[in-house]
Amino acid sequence: MRRPTLSLAAIPLSTLLLTSCAQPAETGGGEEAGVGGGPVQNQLSIVTGGTAGVYYPIGGALSGIIGDHLEGQTASVESTGASVENIRLLDSGSGHLGIVQGDAADQAATGMADFEGAPVQTYSLAVLYPNVFHAVTLDSIARDQGFECFSDVVGTRYSIGDVGSGNEATTRQVFESLGIAETDVEADQLGYAETASALKNNQLDAGSWVVGEGHAGITELGTTDDVHLIPMCDEERSAVVDGYGGYTEHVIEAGTYPGVDEDVPTIAVWNALVVTGGFNEDQAYDITSAMFEHIDQVVDVYAPGEEYLVPETILNSPVPVHPGALRFYEEQGVEIPEDLRS
C-alpha cells in the first residue's frame, strides 16, 4: 500500500523542535531479542557514495557530530557505490549507518530488483532530502536525437548509472514503469563524472543523474557545455508515480543549472539514513537526537537540503522507523503512522 508523502514544498526550519543535548549511549541491551537489541558500536562506519556526490559530505558531517557530541563514539565515512552497495554492506556488518535512496531501501525490504530472493530489512533513523531524476544530455545531442519526452531515449546510447548505485536502481525502475527494456537502449553503466566526459566526447547520448537538485557535477558540465535536461512528460510521470518505488512528481525550476532556462518536469525519490534491525536502540536515539541538535552542520555541506532537514520529513520514510529514532520523533510531537512503526 502506498504511503502518503509530504509535499516537496519547503518546510520552515522553525518547525524543528530541538531536544536537549544527546547523552552517550548505554551499553545494555546486547542480549535483547528483536529490533534494537544489538550491542553499542563505539567505532561506526558510515557508508555513503562517491566523493563527488552529496552522500559523502553529509556522511562526513554526521561523522563529526557523532565524534564531537557522543561520548566514547567515533565514526568514519566510507566512499562506496551508494545505495544498493550500502544496504549490502549494512547487511554484512561492514557498515553500521548508511545513506540510501528510498526506492533501493524499499526494494531491499521487499526482496525485489537487486535484492530478489535475498531481502534485507532496514530501518530509518532519518529522511534527509529528495533525490531528483535528471535525464542529462547536451543541447546539440537533444536537437539531433529529437529529445522531447524521456521515452525518446529508446534507441540511443544511455548511461543507466554506476553498478550497484541508487542511480542504477531508480533508472531501472523508471524503465520498467515506462515499459522500456534495457535492450531498448545501448546501455552503459557510468558514474557521474564518466557520464559527463562521455557526453562531451560524443560517446553517449544521455544519462541518468539521480541526485540532489543543484548537483555540482551538472552545474560544472553546464559551465563548459550547453546542458539539456530531458523532461518527463505527463503520462510518463503518472506511470512512474503510480508504479512501484514510492516516487513523487517534481519540477526542476528554470535557472537551477546554467543554460536550463525552462522548468523541467520529472520525478523524485527521498533519501534516508538507515540501519539494520540489530542496531542498538539507545544508540539510535542518541545519534538521531544529536543529528537534529546540530543539523546546521549538515546544512553547511548541503544547503539545498535545509528546508527538508526537519523531524517531520520522517513521514516520507520508505521503511519502518527504528525504535530508537521513533522515540526521538515522538518526543518532537511527530505522529508516526502504524505502517512506519517497527
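Me: Why is Trp209 called buried?
Reply: Because its relative accessible area is 1%, and buried means under 20%, with exposed over 50% and partly exposed in between (1.4 Å probe, protein chains only). So Trp209 counts as buried. Keep in mind that this is a predicted model, where local features need pLDDT of at least 70, side-chain atom pairs count only at pLDDT 80 or more, and totals for chains, interfaces and linings use all residues. Residues are numbered from 1 along each chain as its sequence is written, and side-chain values use heavy atoms, leaving out hydrogens and water.

Me: And what makes Tyr192 partly exposed?
Reply: Tyr192 comes out at 23%, so it falls in between the two cut-offs.

Me: How many aromatic pairs does a search of the whole structure find?
Reply: There are 10. Rings of Phe, Tyr and Trp (its six-membered ring) pair if their centres lie within 6.5 Å; planes under 30 degrees apart are stacked, over 60 edge-to-face, and the rest tilted.

Me: What makes Phe292 and Phe328 a stacked pair?
Reply: With 5.4 Å centre to centre and 10 degrees between the planes, they meet the definition, so stacked is the word. Phe292 sits in helix H9 (residues 281-293) and Phe328 in helix H11 (residues 323-331), 36 residues apart. Both are buried.

Me: How do you know that the charged end of Arg327 sits over the ring of Tyr285?
Reply: The rule wants NZ of Lys or CZ of Arg within 6 Å of the ring centre and within 35 degrees of the ring normal. Arg327 is 4.5 Å from the centre of the Tyr285 ring and is listed as sitting over it. Arg88 likewise lies over the face of Phe115, at 5.2 Å from the ring centre.

Me: Which residues form one aromatic cluster?
Reply: Phe133, Phe150, Tyr158 and Phe175 do.

Notes
Helices (H or I, at least four residues) and strands (E, at least two) are DSSP runs, numbered from the N terminus.
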